[in-house]
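Welcome! Have the sequence and the 3D view open side by side, and let us walk through them together.

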Amino acid sequence: LPGSLAMLMICLWLFFTAFNILEASLPSMMSKLSPIKNKGTAMGIYSSAQFIGAFLGGILGGVIYSFGDISWIFWSAGLISAGWLIMMLPMQAPKHYSSRIVPLNEVTAETADEFVERLNAIKGVVEIVIVLEERIAYVKFLADDIDLHELEACLIYA
């Protein structure tokens, strides 16, 4: 019994460590991968899918338990996890995006297109959204492919 209790504690520790890492990193990744203009919508869909999945998982677990014993639930979860692993193996790691919110001091409606062209000329810049009413710009870029000095130099004169 003490050995099985220790094994249970180790498994619980591993589960909750992985859970806490995913709980923080998946919304962050979703936020970085979504287009700037649709970030709120993407985060809302992600959050809704997460809670619908938890709801349906509980229902599915209850249905499986009604046909068998508790081991059926573990075997079913194992099969679903194995299926997900097989689907996930050919996936490539997502690119490392980063973003900056830039105050627009000197940019006007007339000079906004020129500012966007200067930023788009920098290798690694992926997306730019200017909100003139708020006097800010959102700049999304590939963190591994950009020269931050060149980006910062361009942003100083915004």
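## Before we start

A residue is called buried when its relative accessible area is under 20%, exposed when that area is over 50%, and partly exposed in between, using a 1.4 Å probe and protein chains only. Gln50, with a relative accessible area of 31%, is therefore partly exposed.

You are looking at a predicted model, where local features need pLDDT of at least 70, side-chain atom pairs count only at pLDDT 80 or more, and totals for chains, interfaces and linings use all residues. Residues are numbered from 1 along each chain as its sequence is written, and side-chain values use heavy atoms, with hydrogens and water left out.

## The overall layout

The chain has 5 helices and 3 strands. Starting at the N terminus, their order is α-α-α-β-α-β-β-α. The chain has a radius of gyration of 23 Å, well over the 15 Å that the globule rule gives for 158 residues, so it is more spread out than a compact globule. (That radius is taken over C-alpha atoms, and the rule is 2.2 Å times the number of residues to the power 0.38.) Along the principal axes, the C-alpha atoms fill a box of roughly 70 × 30 × 30 Å.

Of the 158 residues in the chain, 21% are buried. The chain exposes about 11,600 Å², and carbon and sulfur atoms supply 69% of that area; accessible areas come from the Shrake-Rupley method with a 1.4 Å probe, and for residues only the protein chains shown count as cover. Contact means heavy atoms within 4.5 Å. Among the contacts with a separation of 6 or more, 60% join residues 24 or more positions apart.

Which residues of helix α4 are buried? In this helix, residues 112–120, they are Ala112, Phe115 and Leu119. Seen down the axis of α4, they fall within an arc of 60°, so they line one face of the helix; the arc is that of the directions from the helix axis to the C-beta atoms. The face turned away from that buried side carries the exposed residues Asp113, Glu114 and Glu117. The cover over the buried residues of α4 includes β2 (125–131), β3 (136–142) and α5 (148–156).

Now turn to α5, whose buried residues are Leu151, Cys154 and Leu155. They cover an arc of only 100° around the axis, which puts them on the same side of α5. On the other side of this helix, His149 and Ile156 are exposed. The buried residues of α5 have cover that includes β1 (97–103), α4, β2 and β3.

## The nonpolar core

A nonpolar core is a set of buried Ala, Val, Leu, Ile, Met, Phe, Trp, Tyr and Cys residues joined through side-chain atoms within 4.5 Å. The largest one has 16 residues, of which Phe115, Leu119, Ile122, Val125, Val139, Leu151 and Leu155 touch the most other members. The elements giving two or more residues to this core are α4, β2, β3 and α5. Take Leu119: leaving aside neighbours within four places in sequence, its contacts are Val125, Ile128, Val139, Leu151, Cys154 and Leu155.

A polar atom of its side chain lies 3.0 Å from the backbone oxygen of Lys32. Not counting residues up to four places away in sequence, Lys140 touches residues including Ser34, Tyr97 and Val125. Ser34 sits in the loop between α1 (2–33) and α2 (39–67) and is buried too, with a relative accessible area of 5%.

Gln50 lies in helix α2. Its side chain makes a polar contact with the side chain of Glu23 at 3.4 Å; such a contact is a pair of N or O atoms within 3.5 Å, where within protein one must be able to donate a hydrogen and the other to accept it, and residues adjacent in sequence count only if both atoms are side-chain atoms. Finally, find Pro94 in the loop between α3 (70–88) and β1. Pro94 and Lys32 are 62 residues apart in sequence and 9.9 Å apart in space, C-alpha to C-alpha.

Note on methods: Helices (H or I, at least four residues) and strands (E, at least two) are DSSP runs, numbered from the N terminus.
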